[in-house]
Amino acid sequence: MLKKHKIIVETELCDLESSNDLFQIFESITPERFLHYDPECIDGIESYKYVFMQHVDVTLGEFKPTNISVSGSMDTTVTLHFEYKDKKKKFSIL
């Protein structure tokens with residue numbers, strides 16, 4: 001992928017010590033596509049909707065879900081509901 005985009009990396013990929021190193025390279029190339037958040041800031045089920053919307057934003061318009069809602073309980077399971085390409089989607093977070 002790096003060669004395809006004519007991106008020169010000063011280190012050999014085989015010299016990387018962890019996948020985090022590779023993520024740092026990609027983040028330096030496309031910072032607008034990376035999201036940082038502190039999981040400890042999740043203080044209620046609406047926080048999951050907020051984090052989901054942040055993920056949507058970093059797609060730069062490529063992913064456009066609608067009718068986003070969240071249900072459940074922080075003590076059990078939180079379910080995120082949305083529509084994408086006219087299909088209802090949901091996923092649960094334990």
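The buried residues of helix 2 pack against strand 1 (66-72), strand 2 (78-84) and strand 3 (87-93).

Reader: In what order do the elements of the chain run from the N terminus on?

Author: This is a predicted model, and in it the chain has 2 helices and 3 strands, which run α-α-β-β-β from the N terminus on.

Reader: Which residues of helix 2 are buried?

Author: An α-helix has 3.6 residues a turn, so residues three or four places apart point the same way. In this structure, helix 2 covers residues 45-58, and its buried residues are S47, Y48, V51, F52, Q54, V56 and V58. After the helix comes L60, which has a positive phi near 55°.

Reader: How many aromatic pairs does a search of the whole structure find, and what kind of pair do F52 and F63 make?

Author: The search finds 6 aromatic pairs. A pair counts as edge-to-face when its planes are over 60 degrees apart; the planes of F52 and F63 stand at 90°, with ring centres 6.0 Å apart, so this pair is edge-to-face. It links distant parts of the chain, since F52 lies in helix 2 and F63 in the loop between helix 2 and strand 1, 11 residues apart.

Reader: Is F63 buried or partly exposed?

Author: Buried means under 20% relative accessible area, so F63, at 22%, counts as partly exposed, whereas F52, at 10%, is buried. F52 also forms a tilted pair with F82, at 4.9 Å centre to centre and 35° between the planes. That pair joins helix 2 to strand 2 across 30 residues, and both F52 and F82 are buried.

Reader: Which residues do ring pairs link into a cluster?

Author: The cluster consists of F52, F63, F82, Y84 and F91.

Conventions:
Residues numbered from 1 in each chain as written. Predicted model: local features only at pLDDT ≥ 70, side-chain atom pairs only at ≥ 80, totals over all residues. Heavy atoms only, no water. Helix = DSSP H or I, 4+ residues; strand = E, 2+ residues; numbered from the N terminus. Buried < 20%, exposed > 50% of the residue type's maximum accessible area, 1.4 Å probe, protein only. Contact = heavy atoms within 4.5 Å. Phe/Tyr/Trp six-rings, centres within 6.5 Å; stacked < 30°, edge-to-face > 60°.
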